[in-house]
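Trainee: I am new to this structure and would like to go through the terms used for it. Please set each term against its definition.

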Amino acid sequence: MREKSTTLYLGPQHPGITGNMMVKLQLEGDTIVKATTHVGYLHRAFEKLIERRNWMQTTTILCRFCVPEPDPPEAAFALAVEQIEGREVPERGKYLRSLVLELARLQSFMLWYAGQSGSTGLYTVGQWSVGDRNYVLDLFEELTGGRIYHMYIWPGGVRRDIPEGFEDKVLRTMDYIEKRIDDYDRMMFDSAIFQKRAQGVGIITKEKAMEWGVVGAPLRGCGIGHDVRKDNPYDAYDKLDFEMGIFEGGDVWARARVRQFEIRQTISMIRQLIQNLPSGDYLNKMPNPMKWTIPAGSAYGKVESVRGEFGFHVVSDGSDKPRRVHARGPAYVHGVSLLEDVLIGQNLADVSFIMNSLGVCPPEIER
Amino acid sequence: METSLIKEELLAQQLQNAFENIVTEAVRKDTVFAYASKEQVSSILLYAKEKLGYKSLAHMSCIDWLESDEFELVYIIWSPETKLNLFVKTRIDRQNPEMENMDMIWRQLNTYQREIREMFGVEFPGFVGEKEFILEDWEDAPPMRRDFDTLEYVNDTFFEREGREDKQDVRERIAKRSGEEIPDFAKKYSRE
Amino acid sequence: MSFFDLKGIVRPLIGLSQFGKNPHTKRLDVLGKDTADRYRGFHYNDLEACIGCGNCSTICMNGAIDMVELAAEFNISQAKGNSGLRPRVDYGRCCWCALCVDVCPTGSLNLTKEYNYVSPDPNTFLWTPGVDNPYGKDQLSFVSTKETSLMTFDRVPMRELDGTERVKSFAEVVLGYNEEEARAEASRCISCGLCTEVCPDHMHIPEYINAIARGNDQDALRIIYDNNPLPEMCGKVCTRRCEDVCAIAVRGEAVAIRWLKRYATEQAQTADLIQEIVNPEIKEANGYKVGIIGAGPSGLTAAYYLALRGFDVTVFEAKQFAGGMTMYGIPKYRLPMDSLNKQVSYLQKIGVKIKFNTRVGKEISFDEIYKNHDAVFIGIGFEKPWKLGIPGEDLENAIPAVEYLRMINDGESYDVGKKVVVIGGGNVAIDGARVAARHDADVTILYRRRVEDMPADWEEIEGAEDEHVHIHPQAIPIRIIADKSGKKVKAIEYLEAEMIAEEGGRPRPVPIEGSETIMEVDTVIGAIGQEADYSFLTEEYADKIEVNRGRIVTNAQQQTSDAKVFAGGDAVNKTADAISAIADGFRAVKSIEAFLMKK
């Protein structure tokens with residue numbers, strides 16, 4: 001007997017992603033034969049709005065490109081502007097930037113723990129990690145004044161120096177979180193259910209990874225070791241001792257193992273940054289923001305976020321406003337055409353699981 | 001920041017040797033620009049990918065140069081060996097914007113081309129991506145074109161919440177208070 | 001499965017065994033979270049420290065901040081240098097990026113720790129920080145400091161000749177900004193425009209500075225010439241009260257408005273170039289003739305703008321060169337002669353006719369001017385010095401500063417000897433002292449009050465000190481002692497003074513008894529003030545044109561009691577500086593035009 005074909009609209013609200021996005025699934029039984037993504041629920045036309053904003057005003061709009069990780073966009077934009085302008089960043093500024101970026105990665109990893117385990121029904125880990133993530137957000141609050149949107153990284157450095165006693169607080173928090181992630185691992189990675197759900201699901205082959213422009217953890221989960229922090233080191237990353245997590249397999253499990261490895265690297269890097277924090281200026285101040293012009297030119301600034309390479313193509317025509325700021329988030333390549341391809345042949349129940357593992361983040365696809 | 005650009009110069013030279021009529025420039029560390037005509041772009045990209053190892057496409061972007069009536073298309077590719085970013089730039093006619101479909105070389109171009117088609121109205125003959133990407137039931141001009149006025153659109157579409165009509169402009173108020181007459185030709189330098 | 005399965009019904013009743021037990025979850029007290037010291041919550045604005053520059057409103061990328069007028073009960077200052085407006089935040093739009101805090105030049109706008117506000121009324125989303133949350137003062141968190149502010153509080157330093165170098169000659173002391181310096185300095189301006197109100201002439205300061213910042217110096221010059229025909233002179237020696245109210249000056253050094261104007265004017269090295277750049281529109285001749293007495297700043301201003309409006313203008317100047325006090329009263333190391341002559345010859349190119357060496361009342365009578373012109377503008381200035389009023393003032397080698405300066409500027413020589421005393425604390429006194437220092441004299445300034453009370457520019461005072469001029473404050477001269485011949489000055493006697501606080505006024509110097517000191521000097525230069533010389537007004541006109549306490553009385557449009565006669569400059573206004581004179585001239589143009597064209 002032929003199985004009946006069903007069309008299912010999954011989303012726009014569903015647990016696989018942070019944001020709103022809909023996937024139209026063509027099902028036979030519960031096997032997917034065709035998937036079509038529909039984005040546009042979160043289009044806020046930031047790139048268009050930037051046409052009317054000056055360079056300074058642009059820096060505060062960028063963090064909203066990506067809710068779970070607002071710092072990589074700020075940093076990528078800052079790097080691009082610095083390249084065009086030739087603006088140097090003081091050493092301390094570089095370290096503080098890396099510190100913020102790593103803290104951002106840390107909290108994003110913890111959010112990923114919640115999403116990845118939650119989409120298999122393992123809610124306990126999610127409750128734990130989101131609860132503990134608040135301690136990282138507390139650090140952000142102390143450092144930048146905001147918990148989610150920090151608006152902290154500026155071309156030329158960072159916005160404020162660290163407050164008194166901040167280093168100790170960071171180290172204490174790291175000690176706590178390091179202990180906690182062992183608990184998460186016991187609960188999640190050691191769980192037979194999670195292993196069974198993750199292994200052999202959502203496979204991306206090595207060849208496909210290059211052809212489709214896969215980046216970040218999904219790429220390293222295919223056994224290909226590329227990381228912007230290693231390849232084109234920015235800020236203080238050339239002075240840090242860390243390793244990439246490279247795992248073979250290309251499935252959700254391999255990607256999870258990459259992240260499991262890298263969250264520990266991140267904690268170690270935060271410790272290194274705090275211990276080696278140089279003294280001096282934290283910002284090479286830009287002129288009066290209302291009259292700040294950038295020489296004509298273009299640049300591509302990129303940083304490594306938890307989900308992969310986050311890049312900004314910035315074009316200046318020499319005026320006080322950017323000509324074009326074009327963001328390229330990892331989800332842009334993972335979340336649309338790649339997702340449509342990977343989902344074919346998978347189970348309906350694994351859709352949100354796979355989306356989470358690829359790091360699909362609609363706000364940065366549509367901006 | 002004066003560092004030698006040996007790797008960058010080498011790449012620029014390699015491209016220059018392989019293609020006539022293109023302009024290459026080793027701009028700064030890790031960055032090389034290549035300006036080419038629209039027809040040359042696909043062969044440059046293929047050459048860079050197959051012969052020079054620029055396997056990864058990082059980005060494709062479109063910039064509207066309204067003043068010269070052109071769109072600029074930029075392909076940014078990256079090599080895992082040299083770790084350089086190569087920008088391949090081309091300018092196309094803004095009135096009849098068309099570009100070669102290249103989503104066979106790099107599959108993620110599918111997404112980029114969909115966005116550029118929707119936001120700038122650039123056509124890619126032979127490209128079969130879904131027509132609608134981010135916008136829904138959009139019938140106006142492609143919105144990322146610079147002649148699409150956001151403010152005008154917003155004023156037409158939305159209304160301001162009441163209670164803010166009493167706002168004043170500081171410069172105007174001062175000028176009025178002191179009887180200063182700002183000549184028209186100077187007003188473009190006033191505060192926005 | 002049988003229909004009546006007893007087990008299947010009874011066993012789930014185990015759930016009832018929990019009935020009446022305490023719940024596993026229990027309600028805990030709600031603990032408010034104490035936010036971080038840097039938390040970005042609601043705004044708080046110190047209404048008194050705020051000057052209403054509106055920079056917060058400009059930077060706000062969400063358009064959330066409006067500048068509004070508050071109710072009278074808040075007593076918002078409407079003084080010059082304060083727009084009287086205060087920011088109001090639309091919290092429906094604010095994103096708490098705190099850029100407004102980081103660009104606030106005064107540091108009055110800060111964010112507080114408060115982040116929780118619930119109201120059933122949706123129309124309470126508009127807050128005027130400081131008015132709606134007066135308690136915010138004690139909750140400040142994300143604050144503006146000089147270190148973190150995005151404003152540049154330090155001025156680009158002006159290059160100057162070294163103090164020991166400059167006493168050797170009359171070379172210009174201030175060297176002027178180069179292009180890079182000017183762009184950097186211009187970009188410090190926040191374009192609020194508070195300065196324009198203080199400028200007597202209401203020059204379009206934010207506009208021309210912005211033009212310089214954007215690299216368009218020619219536009220800057222055009223904007224400057226819109227209401228000031230002697231900008232290069234102003235760029236060098238203006239009293240620049242605009243800089244006193246600069247928003248940046250609240251916490252830092254004011255934008256160097258004067259030096260920027262100087263920079264904009266210096267690109268035009270010749271009168272031809274000025275004409276080429278400014279390229280003003282000259283209206284067709286309208287047939288009216290206007291006579292102007294005195295080619296000082298007010299007279300030249302009136303002449304230039306009248307000429308542009310198509311009037312036939314003739315200026316009558318007593319001396320050999322135009323410029324009035326700016327030519328004869330200001331030493332050449334501050335304002336070189338070439339610079340002034342260049343500006344004047346541009347005015348002549350536009351069609352201003354100047355008759356030099358024509359003193360009204362001597363070479364030509366006032367009556368003749370009055371009868372031959374449709375309107376007359378008097379811009380005679382103050383050239384008669386006040387007497388010191390102490391014995392020995394009429395001795396040789398006791399000379400008024402204006403006279404001394406005129407002689408030196410005219411190329412005449414005057415030997416001041418080795419030891420010079422200058423009496424007074426204004427710019428003229430400092431000028432006299434610095435000129436004497438350039439003739440190898442050892443110069444002392446005697447001033448009645450303290451140094452901080454001196455009306456002279458602080459830059460001038462500093463300049464004098466650099467040139468080893470000694471300033472002796474709180475010294476009141478009582479007599480000048482003659483030498484044996486009884487003709488020449490030998491010494492000066494003065495009293496030390498102490499400052500007595502005066503109610504409702506500035507402290508008053510009171511001589512200390514028995515503190516008489518005698519200082520041997522070669523020359524005494526007096527600089528305690530000047531007045532106008534009205535001897536050219538014959539009786540007939542002296543009756544018509546009202547003069548009160550040495551000043552010609554005019555209405556707000558510079559018109560005197562004789563409808564056909566207008567006046568401006570030092571002889572009319574009380575501020576007695578060049579820019580006020582220019583403002584008078586500019587105002588007079590409008591009223592002369594209105595007066596004649598209406599007829």
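Mentor: Start with chain B, where five strands form an open sheet of mixed pairing, in the order E1-E2-E5-E4-E3. The model is predicted, so local features need pLDDT of at least 70 and side-chain atom pairs count only at pLDDT 80 or more, while totals for chains, interfaces and linings use all residues. Residues are numbered from 1 along each chain as its sequence is written, and chains are lettered from A and ligands numbered from 1 in the order in which they are written.

Trainee: What makes E1 and E3 of chain B the edges of the sheet?

Mentor: Strand E1 (23–28) and E3 of chain B each have a single partner strand, so one side of each has no neighbour in the sheet. Strands are DSSP runs of E with at least two residues, helices are runs of H or I with at least four, and both are numbered from the N terminus. Two strands pair if DSSP finds at least two bridges between them. From one strand to the next, the twist averages 20 degrees.

Trainee: How do you know that E3(B) and E4(B) are paired?

Mentor: Nine bridges join E3(B) to E4(B), and a pair requires at least two. These two strands run antiparallel. B:His59 stands opposite B:Ile76 in E4(B).

Trainee: How many bridges join E1(B) to E2(B)?

Mentor: Five bridges join E1(B) to E2(B), and these strands run antiparallel. B:Ala26 has B:Val32 in E2(B) as its bridge partner. The hairpin of E1(B) and E2(B) has two residues between the strands, and B:Asp30 takes a positive phi near 65 degrees there.

Trainee: Which strands of chain B does H3(B) lie across?

Mentor: H3(B) lies across E3 and E4 of chain B and runs at about 10 degrees to E3(B). Such angles run from 0 to 180 degrees between N-to-C directions, with axes fitted as lines to C-alpha atoms, for helices over the stretch in contact.

Trainee: What does chain B contribute to its contact with chain A?

Mentor: Chain B contributes 29 residues, which are in contact with 33 residues of chain A. Two residues are in contact if their C-beta atoms, placed from the backbone, lie within 7 Å. Strand E3 (56–65), strand E4 (70–78) and helix H3 (109–120) of chain B each supply at least two residues of that side. E3(B) gives the largest share, six residues. The side of chain B divides into 13 nonpolar, nine polar and seven charged residues. Here Ala, Val, Leu, Ile, Met, Phe, Trp, Tyr, Cys and Pro count as nonpolar, Asp, Glu, Lys and Arg as charged, and the others, Gly among them, as polar.

Trainee: Which helices of chain A supply at least two residues each where chain A touches chain C?

Mentor: That contact takes 17 residues from chain A and 24 residues from chain C. Helix H2 (55–61) and helix H5 (123–144) of chain A each supply at least two residues of the chain A side. The largest share, four residues, comes from H2(A).

Trainee: Why are H12(A) and H13(A) called oblique to each other?

Mentor: The axes of helix H12 (residues 330–342) and helix H13 (residues 351–358) of chain A come within 11 Å and cross at roughly 135 degrees. Angles under 35 degrees count as roughly parallel, over 145 as roughly antiparallel, 65 to 115 as roughly perpendicular and the rest as oblique. H12(A) and H13(A) are therefore oblique. H12(A) passes H13(A) in a right-handed crossing; a crossing is right-handed if the near helix is turned clockwise from the far one by less than a right angle, and left-handed if anticlockwise.

Trainee: What makes H7(C) oblique to H10(C)?

Mentor: Helix H7 (residues 205–213) and helix H10 (residues 257–266) of chain C pack at an angle of about 60 degrees, with their axes 10 Å apart. That angle makes H7(C) oblique to H10(C). Their crossing is left-handed. C:Ile205, C:Tyr208, C:Ile209 and C:Ile212 in H7(C) meet C:Ile257, C:Leu260, C:Tyr263 and C:Ala264 in H10(C). The residues of this contact divide into eight nonpolar, no polar and no charged.
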